[in-house]
Amino acid sequence: MIKTSHFYPCFLLLVFLMLQSGCRKEKAGAVIGNKPIDITYYYPNSGRPGSILTLEGEDLDAGGDFTVEFGGVKGEVISRGKHQILLRVPQGEGKVAVFLLQGGTRTSVGTFTYQSLSVVSIEPNYAIKGKQLKLRGMGFTAGTQLPKVFLNDSIAKIVSVTDTVMYVEVMGGQGRGPVKVVSGNQESLGPQFQFIRYLDMKPKSGGPGSIVEIKIDGLSYIKANVQVNFSGPYGQFFNCPVQSHTDSTILVKLPENIVSGPTYVLDTKSDSKLDGGNFTVVPSPKIFSISPTSAFEGQEVLIEGSYFSRIPGETKVYIDTVLMPIKRIDESKIAIQIHKPIPSGLIRIEVNGQKVTGPLFTYQKLGIIKISPENGIPGNEVDIEGFGFSLTSMENRVLFNGVPADVIQSSAGKLRVRVPNGVSSGPVTVQTNNLSATSSDPFNYAYSTTLGKGNLRLGANGGSMAVDGQGNVYVLEVDHHCIKKIAPDGTVSHFAGSLNSQSGLRNGKGTEILFNFDKNSTIGYDKPRNVIGITEPQHLVYRELTLDAVSSSWETPKPLETISFYPPTAFYPQGLVFYNVHGNNNNLYALMSYDNGDGTYFYEFFSFPTIKISNAYPNTRFAIDQFGNIYGQGLNFAFNKCVITKYVNQEPNFPAFVGGTFPNFAGNSTQSGYKDGIGALALFNNIKGVTILDEQHIVVLDAGNNALRRVNNDNGEVTTIFKNDAGYADGDLRHTKISNNVSDIAVSADGRFCYILDNGNSCVRKIQLH
């Protein structure tokens with residue numbers, strides 16, 4: 001690129017001597033009464049006498065009189081504007097120096113070569129890769145071969161050429177610089193060209209309302225006509241409102257309904273589409289707990305949640321209005337430092353413009369960090385770790401959800417207490433020296449009991465159960481082709497099917513009904529319509545029973561295994577019944593029911609070929625949460641006992657399941673074992689089923705570990721509810737034992753109770769979780 005400015009005299013003299021030996025360079029000095037003219041660029045640097053030379057700069061019309069000499073010969077000024085001066089090149093030959101004379105100052109502009117080759121203009125003077133440009137000039141075909149064209153030193157492809165007009169295609173490059181044409185032994189520099197190029201996007205994840213900065217090389221050329229587009233759910237794109245822009249960056253605010261996927265920037269004037277980076281849509285951040293909920297200067301506070309960003313600057317934590325320093329961060333945990341006295345206030349987290357407000361934090365010298373264990377029954381001993389406790393036991397008052405507990409031992413950092421009679425699930429509070437601190441997580445009154453022992457006939461393999469909205473448990477006696485019902489008080493009764501183990505296919509009521517169950521038969525509770533659903537693979541039927549044991553059936557084109565129920569939506573007010581289909585393709589299918597208005601229903605059966613739940617023997621339960629996300633055992637459509645896959649639904653009103661799959665959402669597909677952790681860091685051993693526990697968690701029956709595990713729906717963090725050796729024992733969860741032959745899992749409507757079908761002990765185990 002050819003540039004000039006006011007140089008020091010010795011430097012100007014050296015340059016001029018190199019250009020034109022023997023010519024005298026006058027000393028530059030102040031221009032009395034005139035503003036100096038500053039030329040920043042000129043073109044072309046070659047041509048014939050009479051050619052037009054363009055000088056570029058700023059405020060070129062503000063200076064006084066001037067002349068421009070080409071090898072000592074004065075050029076003709078054709079026009080003078082704010083940004084350009086046009087000159088007619090005088091007669092001459094060879095390569096000459098060009099000077100601008102103003103008052104007593106001689107300023108070097110550069111050189112001009114008298115020759116046949118010249119580049120006069122380029123249209124447009126900016127473009128992206130793949131666009132065509134039009135060059136005007138002369139002498140393009142003077143050589144014996146095609147000329148070469150360079151854009152800021154990057155080669156361009158010639159599409160067509162005449163002596164005065166040439167079309168070229170932009171092959172790639174960056175920045176801003178001159179157009180250069182080389183033909184034979186001649187070379188000419190023309191106007192400057194700007195590459196338009198996508199550079200970066202920050203942040204690369206977020207959601208509706210997030211502010212995203214997009215950096216583009218050459219943005220100043222297109223910013224008046226720019227549109228920024230992010231992916232929509234069905235292949236379309238949404239235009240994002242531009243909040244502000246500079247010559248290099250655009251700030252846009254993301255609208256509703258965007259999904260993860262590619263982005264692009266459109267220059268509407270030239271209809272140029274500039275492909276951008278991929279953007280990942282994540283939900284707003286969530287806060288599950290903070291520990292401790294009170295602390296003072298110098299202490300660390302741990303915040304647990306999900307959808308935090310570990311990229312510096314993308315996550316901000318406030319207490320009241322004070323921005324807190326972050327010590328450590330990952331996607332689910334943030335450690336902040338109480339670095340100075342601050343006002344008590346609410347915890348607030350912002351991640352790329354998405355915000356969440358958490359619990360109240362109190363600045364004080366008493367706090368609870370951890371309770372161990374976090375569940376139990378009256379009489380259990382529990383340790384409370386924290387700070388600010390009195391060394392005198394009697395000066396510490398401990399309440400379990402409002403019920404006073406005995407303090408056994410005390411120190412400044414730990415209290416040992418006994419769980420009181422009359423306890424219920426809730427927070428633990430410590431009161432010391434007129435201060436009060438409350439635990440971030442509740443202590444849960446949790447234990448296990450047994451249902452149906454001695455009254456159920458469970459086979460060695462397979463089995464299924466369901467729990468209705470009133471807490472009644474329905475158990476398939478597979479080998480006897482009937483269903484038993486266990487009331488909340490533990491009473492067992494015969495609900496439906498033959499009394500003498502007769503099999504068949506007959507609708508009716510109670511004992512009139514005939515079933516034909518096998519190890520792949522499944523029972524489930526359809527909450528939207530308050531009915532019990534059953535699959536019978538051998539008869540290719542889906543059966544429904546009302547809660548007073550009246551059955552109907554609907555034939556299916558394929559053998560059905562596990563069932564799960566999709567929540568009602570505006571499109572499907574009756575909900576959907578989803579099935580894992582027994583067969584080679586393992587496809588997921590759905591049965592949509594239509595209310596005929598007379599107590600009967602019409603059904604439509606259709607497939608979701610992009611979702612494949614593992615085909616396991618015996619059959620294992622999968623789950624669907626309130627957003628339509630599916631959680632199933634297995635990886636890459638193959639049966640795997642150690643991993644849970646998550647299928648993400650980004651369109652709740654229609655189960656299109658756009659958004660992708662997380663194959664290693666929880667557990668490790670290449671390793672079995674026992675370990676809590678996030679995602680593939682956790683280990684399972686022989687998963688027998690998953691089901692929804694609450695809005696934030698699924699629960700997993702981990703048969704190989706004789707354990708019940710909890711998984712966070714957002715980040716795949718796995719924790720253990722209980723784990724012991726195989727056997728049979730009720731009581732608090734530290735001592736609860738199940739057999740090594742369990743087959744199904746269910747959860748009560750309120751999430752308080754989890755039920756395990758314990759074939760080895762021929763009973764149902766009822767686990768109170770809180």
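Hi everyone, let me start with a pair: arginine 310 and glutamate 331 meet through their side chains in a salt bridge, 2.8 Å from N to O. The two partners come from distant parts of the chain, 21 residues apart, with arginine 310 in the loop between β29 (300–306) and β30 (315–319) and glutamate 331 in the loop between β32 (326–329) and β33 (333–337). Arginine 310 is partly exposed at 48% relative accessible area, and glutamate 331 is partly exposed too, at 39%. Please keep in mind that this is a predicted model.

Now a pair with a buried partner. Arginine 765 and aspartate 730 form a salt bridge at 2.9 Å, N to O. Arginine 765 sits in strand β70 (residues 763–768) and aspartate 730 in the loop between β66 (717–723) and β67 (731–732), so this bridge ties together parts 35 residues apart in sequence. Arginine 765 has 0% relative accessibility and counts as buried, whereas aspartate 730, at 33%, is partly exposed.

How many salt bridges does a search of the whole structure find? The count is 24. Some share partners: Glu300, Lys327 and Arg328 are joined into one network that way.

Let's move to the nonpolar side. The largest nonpolar core has 22 residues, and those touching the most other members are Val212, Ile214, Ile216, Phe230, Val252, Leu254 and Phe279. Strands β18 (197–202), β20 (211–217), β21 (226–231), β24 (249–253) and β26 (272–281) each supply at least two residues of this core. Leucine 254, for its part, has contacts that include Val212, Phe230, Cys240 and Phe279, leaving aside residues up to four places away in sequence. There is also a second, separate core of 20 residues, with Ile347, Val351, Val356 and Phe387 among them. Thanks, all!

Methods: Residues numbered from 1 in each chain as written. Predicted model: local features only at pLDDT ≥ 70, side-chain atom pairs only at ≥ 80, totals over all residues. Heavy atoms only, no water. Core = buried A, V, L, I, M, F, W, Y, C linked by side-chain atoms within 4.5 Å. Buried < 20%, exposed > 50% of the residue type's maximum accessible area, 1.4 Å probe, protein only. Helix = DSSP H or I, 4+ residues; strand = E, 2+ residues; numbered from the N terminus. Contact = heavy atoms within 4.5 Å. Salt bridge = Lys/Arg side-chain N within 4 Å of Asp/Glu carboxyl O.
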